[in-house]
Each structure stands twice: as structure tokens, then as C-alpha cells.
2 protein chains.
Amino acid sequence: MEDVVKTAEAPVPAGAVKTKTRKGEQTRAQILDTALRLFLERGYEETTMRGIAEEAGVAVGNAYYYFKSKEHLIQAFYERTHHEHLAASREVLARERGLRERLLGVMRAKLDTIAPYHQFAGILFKTAADPKSPLNPFSEESLPVRQQATDLFAEVVTGSDTRLTAELTAELPNLLWIYHMGIILYWIHDKSPGSEKSYRLMERSVKLVLRLVSLFQFPLLRPFLRELLGMVADLRGGTQEGLRP
Amino acid sequence: MEDVVKTAEAPVPAGAVKTKTRKGEQTRAQILDTALRLFLERGYEETTMRGIAEEAGVAVGNAYYYFKSKEHLIQAFYERTHHEHLAASREVLARERGLRERLLGVMRAKLDTIAPYHQFAGILFKTAADPKSPLNPFSEESLPVRQQATDLFAEVVTGSDTRLTAELTAELPNLLWIYHMGIILYWIHDKSPGSEKSYRLMERSVKLVLRLVSLFQFPLLRPFLRELLGMVADLRGGTQEGLRP
DNA sequence: CGCTTTTGTTGAACGCGTTCAAAACGGCGC
DNA sequence: GCGCCGTTTTGAACGCGTTCAACAAAAGCG
């Protein structure tokens, strides 16, 4: 019964599309889907590689042929929510012009998209905190994701009707990215129902951030800002080689 | 040969000291010492519970009688550096009166004391980031350590010759603790030789922090400060039940 | 001293993530 | 058809952290 499947796929018009589906793509997808489903159903720790393989109808070794480790399976999660967040943010950014509304919308979208995964957010960040993990925000492997996230914050700023000084515009996206990581860190440990505390923190801190930003437009505070931006710039491209390729 | 040891210990004068040495204390210490030594010699991942037990001359199960898990063995590390830091800080605080010198000294002491453990700082923080881990700074088990750390920052402030408003004095220690965690987070990922980047970040950011503090003494910025402190106060005792017992 | 209870100790066994040599498959030239 | 070679798949095996029923040693007690 199962053996017939192999030719059931639409035969690719020769050479038309550079078919990556070397047949393994199917298996890969199957394993990944099964893994994500089981992670959600049972939690990360409780889901075993043997379980995933069995449910996916393959041998354990096969899962390791496509994914270097169990952790690498979570990375798919990370990327999935990341893309959901990008999509949700684009809606907000197309609609809103005010800096506050834009930032607030993007941040709210973030919390909304990651909400379903709060149960094993701990594991996700546990591994993310490990410098050796591929999930580590500073790692080589997550560079594209981080870049996109920073770009998103850049658009929050540049697409708004608020005009800022050039130097602030240049560095603010990075600062906002760090800020948003801080909020997520809080969210992870937040045990309040519906993560309401995280939402409250986010809303209040967004206000503060914007107040800070406008404060720093004052010439009086310019030297302070200079020092801050100088420090951040100095240290970038530093913690990890990957930061500035 | 080994059997003779049992009575070699000085017999405790009956009832004089509430001897906690129910004989197990020796074993416990032996296991812990061996573990810490092996962690340093071989690294955390490479050190096995079997290896620890063997070198300590006990059975594996015995190690688990004294320590709930391998992670709990690291916690001893955490506490050890913590106490070293407290000691080093006390020296600084006894010597210096200026707020900047005090904060700078305490922060420098922190980086200095944790320096030897940079190689497996990753593991330490990997597990520390997990909400379920005992090493998690917000967890019940690390409450005393966190409390002492916050108290330390309180003394940095109150023992200095700089006078601050009451509300700032009340909340600043908590903010400084969070700040210092941020620096450590950077340090973990810092691959620069001698962690020099972390030291530079620390020095520059201390300056900024102090500038911020003095800025907020201006009446003009008072509402901003109010909002900030209000937010922090609102959210404390929230992420984890343990925060305010 | 003998007894019970508490404390300490053992090592086999379990389930896990991961590895790897070997096998099966699939397309391609002949 | 046959042989070849890279891709895919297998499952037994390894080493690990951890558990647990059983046992031993020490402490308390009459």
C-alpha cells in the first residue's frame, strides 16, 4: 500500500523548477511536522526522538539524517513564530503611522504569536541562552532571523511620521531589538494568567521608551546619547564574530 | 586499610556542639569537591556522574542521595563565586565612598570573581535561564543569593556620599541588580581575550547609569522616574511567587 | 545488650539522545 | 538487463543522567 506512493507525486516538468524535492524533502517535512505536533501535545522533554520517529513512520537514525539534534527541531519552531510575527507586524505597519502605535503593535504582535508556545518557552530559551546552541540569538545560524528582526524595528522607526536624528535612527533598531528580548525574557518567567503582566510591562515600557527617545532629542541630553550610542557601536561585532560578517 | 578510617575522627564531646556531621557531611563534601574539581579539569559536559562517583570513591546512587541532580552540583559553583564576590565587594565598600567608585568596584569584582569559570559559564546560564532550574535567579532556591546580591547594591548606594531621593534609593538596588545581570549576560557571550569587551562595557555603562541617576534628580524628569519606578514596583512579586514571600 | 528507626550506600536497570556501519533505494550510463 | 554511485534508511549499540529496591551502618532506646 505505502510503496505505491513514490510515483504519486506530480512528475516535475524536466528542468523547469530546480526541484529540491530529492524525495527526502517529503520525509524531512513529515518528521518536522510530527515533531512540532508532539512538542505541542506532550511538551518538549516528554517527546522522545524515538516517539517522533515512530509516529512519523521512520527509523530514529533517519530523523538524525535530517536534523542534527533534538534542539535543531525546536529551531523550526523559533523560525515559524518568527515568520508569523513578521506577517502580523506587516499588517500593523501598513496600517499605523504613529511611532507609538507602530511599536506597540509590533510588540503586541510578538507576544500574541509566541503565546501558544509559552508552555515550553523555558526550554526554548534555556537552549537559546547557551552560547553553543544554534538557537542562541547571537549565533551564526540565527543571524538571518536576527537581521530580519532588526530590520523590522528599523521599519517601525523609519516608516513612522516621527522624525529622529540620523544617529538615533541608525542605532535605535538595535536598541529596540535588545529591548524586545528583555520583554521576552520577562514573559518566559511570567506565570500570571494569560501573561497579562508581560503585556502590562510591554505597554508601560513602550511608553517609557518613546519618552526616552523624545527626551534625547533635547540638545541638552545630546552628549549622553552620544556616549550611549558610541558604547553600543563599539561593542557590536564583538561578542560573536557573526554579528558583522 | 580503608576500614580503619571510621573511628579515626575525633569523637564529638557529647552534646557540646550540635554536630551536624552525621558522618554523611564528609561524604557530601567529598562528592562536591570532586565534582567541582572535575568540572574545572574537564568541563561540565565531559564530566560524568559516574566519573565523579568513581573519583570520590562512592557509588553513583550515593551522589544522588546528596545532590538531586547534576545541575544541583553546579549550584554550589554559583554560590561559591557569589560568596567570593561578596567578600571582594566588602573590601571595596569599606574603602570607597564615591558612588561611582563603589559601583565600579563592585562590578569589577564581579567580573573578576567569575572570570575563572568563563569556560562553562554557558552551561551555567543555560540552566539558569530555564524557569524550572534551581539556578534560575528568580527561583525559590536562589532567593537568598539574590537577596544578598540586592542588599549588596543597596549598600553601594546607601553607603556612598551621594544623597538620592527616597524613592530612588528604594528601587535603585533592584534596578542595579538587573543591570548587573545584563552585563553578565554579555560577558557569557563575550569571546574577546580576557573578556576585555565586557570590562569596557561595564565601565562605560556604569558611567551612563550614574549619569542617568543624576539626571533623574532634576525635577523636570521626575514624572518619568515616577513612571519607571511605578512600573518596576507593579511588576515585582509577579514573575514568580518567590519574589515576595 | 538487642531492638527499632533513621541515615547512608550500593549497583543493576531504565529510558533517553545520539552514532554508525551496513543495507536499501533510485537514477544513469551502458 | 547490469553495474555504479550518491542519497536515503535502518536499527543495534553506546554512554549518559537518573531511579530504585535492597542492603548496611549508625543512632536512639529500653
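This is a predicted model: local features need pLDDT of at least 70, side-chain atom pairs count only at pLDDT 80 or more; totals for chains, interfaces and linings use all residues.

Residues are numbered from 1 along each chain as its sequence is written, chains are lettered from A in the order in which they are written, and side-chain values use heavy atoms, with hydrogens and water left out.

**Entry on chain A.** I looked up helix α1 (residues 24-42) of chain A and helix α4 (residues 70-95) of chain A, which pack at an angle of about 85° with their axes 10 Å apart; axes are lines fitted to C-alpha atoms, for helices over the stretch in contact, and angles run from 0 to 180 degrees between N-to-C directions. α1(A) and α4(A) are therefore roughly perpendicular to each other, a label for angles of 65 to 115 degrees. Among the residues that meet, I found Leu36(A) and Phe39(A) in α1(A), and Leu73(A) and Phe77(A) in α4(A). The residues of this contact divide into 9 nonpolar, no polar and 3 charged, where Ala, Val, Leu, Ile, Met, Phe, Trp, Tyr, Cys and Pro count as nonpolar, Asp, Glu, Lys and Arg as charged, and the others, Gly among them, as polar.

**Entry on chain B.** I then found that the axes of α1(B) and α4(B) come within 10 Å and cross at roughly 85°.

**Entry on the interface.** I noted that 39 residues of chain A are in contact with 38 residues of chain B.

Definitions and conventions:
Helices (H or I, at least four residues) and strands (E, at least two) are DSSP runs, numbered from the N terminus. Contact means heavy atoms within 4.5 Å. Angles under 35 degrees count as roughly parallel, over 145 as roughly antiparallel, 65 to 115 as roughly perpendicular and the rest as oblique.
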